[in-house]
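This report goes through selected local features of one structure, starting with a loop residue and ending with salt bridges. The sequence and coordinates come first.

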Amino acid sequence: MEKHTAIVLGAGQGKRMKSSVEKQFIHLDGKPILYYSLKALEESFIDEVILVTSCWRREYCKKEIIEKYRFSKVKSIVEGGEERYHSVYQGIQAIEGGGYVWIHDGARPFLTSEILKRIKENIEKFPACIVAVPAKDTVKITDEKGFAKETPNRNRVWLIQTPQVFSYELIKSAYEKLMEKERETKESGVVITDDAMVVETFTDQKVKIVDGSYKNIKITTPEDLKIANIFLKDVKIKGSYAGRNS
């Protein structure tokens, strides 16, 4: 049996939320947003969870989330870095052994068992899988002056979400190469925005797209928080919290 380890990212500052509290710690129905991501993983087949957060939030996470809600699968809390990819790298370094690595945003509270199941079915065939949903709107690529330059075929445009899942050796190798070439990567103008991009940039491995959910939103702005409250109300009406249904 392959080991499944999840890295949950909870070190972001959430500047676009315009709140004094980091977005992953804002309360949603009386609980921190981060709680819902951890709960979904706690109730799943995931073996272990590594939580990445800021140094000043480690004790809060330990006392007010992990111990309070008895999340037994959270094996360690590690300090995040300056950029998202630094935080992921810190999480990877904390993993003992191989298997599969699941990287998930702590500010995505509507992770479900159905999404997890779909990825698990694919990761056993493909060593790099990410969840996404088809774009509903037309997408425009602009030139340097802000004028529309190109219109991609909407049928081939996907909005990327998390979890993003990889074999341990693949993601470890890709991130090690990124850290070795971080300076020249920045100087070349490449901006790393997700884990799949690290694999695409530093390995030859293709990344498989797996169906996500339009409800699997990342709470980034005040508008997202309003939508999340609506989604959560709908989940409660159906008699189940995030992590149990699609």
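Asp29 sits in the loop between β2 (27-28) and β3 (31-32); helices (H or I, at least four residues) and strands (E, at least two) are DSSP runs, numbered from the N terminus. The model is a predicted one, in which local features need pLDDT of at least 70 and side-chain atom pairs count only at pLDDT 80 or more, while totals for chains, interfaces and linings use all residues. Residues are numbered from 1 along each chain as its sequence is written, and side-chain values use heavy atoms, with hydrogens and water left out.

## Backbone and loops

Asp29 is not a glycine, yet has a positive phi of about 55 degrees. Its relative accessible area is 34%, which makes Asp29 partly exposed. The classes are buried for under 20% relative accessible area, exposed for over 50%, and partly exposed in between (1.4 Å probe, protein chains only).

Arg70, also not a glycine, has a positive phi of about 55 degrees. The loop between α2 (58-67) and β5 (74-79) holds Arg70, and this residue is exposed, at a relative accessible area of 72%.

Ser54 is buried, with 7% relative accessibility. Apart from neighbours within four places in sequence, Ser54 is in contact with Gly10, Ala11 and Glu22, where contact means heavy atoms within 4.5 Å.

Strand β10 contains Pro163. The peptide bond leading from Thr162 to Pro163 is cis, and its omega is near 15 degrees.

## Enclosed helices

Helix α1 has 10 of its 10 residues buried, so α1 is largely enclosed by the rest of the structure. The buried residues of α1 include the charged residues Lys39 and Glu42, where Asp, Glu, Lys and Arg count as charged, Ala, Val, Leu, Ile, Met, Phe, Trp, Tyr, Cys and Pro as nonpolar, and the others, Gly among them, as polar. Ile33, Leu34, Tyr35 and Tyr36 are also among the buried residues of α1.

In helix α3 (residues 84-93), seven of the 10 residues are buried, so α3 too is largely enclosed by the rest of the structure. The buried set in α3 is Tyr85, His86, Ser87, Val88, Tyr89, Gly91 and Ile92.

## One side of α4

Helix α4 (residues 113-123) has Ile115, Leu116, Ile119, Asn122 and Ile123 buried. These residues lie on the same side of α4, because they cover an arc of only 130 degrees around the axis, the arc being that of the directions from the helix axis to the C-beta atoms. Against what do the buried residues of α4 pack? Their partners are α1 (33-42), β6 (100-105), β7 (128-134), β10 (158-167) and β11 (208-211).

## The α5 and α7 pair

Two packed helices are described by the angle between their axes and the distance between the axes. For helix α5 (residues 168-180) and helix α7 (residues 195-202), the angle is about 75 degrees and the axes are 9 Å apart. Axes are lines fitted to C-alpha atoms, for helices over the stretch in contact, and angles run from 0 to 180 degrees between N-to-C directions. The two helices α5 and α7 are therefore roughly perpendicular; angles under 35 degrees count as roughly parallel, over 145 as roughly antiparallel, 65 to 115 as roughly perpendicular and the rest as oblique.

On the α5 side, Leu170, Ile171, Ala174, Tyr175, Lys177 and Leu178 take part, and they meet Asp195, Val198, Val199 and Phe202 in α7. By class, this contact of α5 with α7 has eight nonpolar, no polar and two charged residues.

## Salt bridges

Side chains of opposite charge can pair when their charged atoms come close. The whole structure has 13 salt bridges, each defined as a side-chain nitrogen of Lys or Arg within 4 Å of a carboxyl oxygen of Asp or Glu.

| Pair | N to O distance |
|---|---|
| Lys39 and Glu43 | 2.8 Å |
| Lys120 and Glu124 | 3.3 Å |
| Glu182 and Lys186 | 3.8 Å |

Lys39 is buried, with a relative accessible area of 11%, whereas Glu43 is partly exposed at 36%. Lys120 is partly exposed, at 24% relative accessibility. Glu182 is buried, with a relative accessible area of 17%, and Lys186 is partly exposed at 48%. Because Glu182 and Lys186 are four residues apart in helix α6 (residues 182-187), about one helical turn separates them.

Salt bridges also link Arg84, Asp105, Arg108 and Asp195 in a network. Asp195 is likewise one of the α7 residues that meet α5.
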